[in-house]
Amino acid sequence: REEMLCAEDQGHYFRVVADARDLNYTIFTTEGMPTDPASISDYNSHSTTRLTLGETVALLRKLPEVQAALASIKGGA
């Protein structure tokens, strides 16, 4: 939940920025968090969009490594 507070929404995924915290826990003990972590639902396989098999295949086929492997199979046949 704490990571979701700091994550950047990139549309289809969340980018968790590098953890640059120090060991100063003042914000957690006396100042409090800007947003209550308990109010944010956990990010897991049940709270995200699940891909179908076809969507997974289409996504994998976009990868350069997969495209190269497919091209070598087609070219060698």
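**A look at the second largest pocket**

Tutor: Happy to! The secondary structure of this protein comes to 4 helices and 2 strands, where helices (H or I, at least four residues) and strands (E, at least two) are DSSP runs numbered from the N terminus. Along the sequence, they follow the pattern α-β-β-α-α-α. Please keep in mind that this is a predicted model, in which local features need pLDDT of at least 70 and side-chain atom pairs count only at pLDDT 80 or more, while totals for chains, interfaces and linings use all residues. Residues are numbered from 1 along each chain as its sequence is written, and side-chain values use heavy atoms, with hydrogens and water left out.

Now to the pocket, an open set of points on a 1 Å grid, where a 1.4 Å probe fits, with protein on both sides within 12 Å along at least five of seven lines. The lining (residues with an atom within 4 Å of a point) has 13 residues, and His12, Tyr13, Thr48, Thr49 and Leu51 lie nearest the pocket's centre. Helix H3, residues 53-61, gives the most to this lining, with 3 residues. Helix H3 is also where confidence is highest, at a mean pLDDT of 95, on the predictor's scale from 0 to 100. By class, the lining has 6 nonpolar, 4 polar and 3 charged residues.

Notes: Ala, Val, Leu, Ile, Met, Phe, Trp, Tyr, Cys and Pro count as nonpolar, Asp, Glu, Lys and Arg as charged, and the others, Gly among them, as polar.
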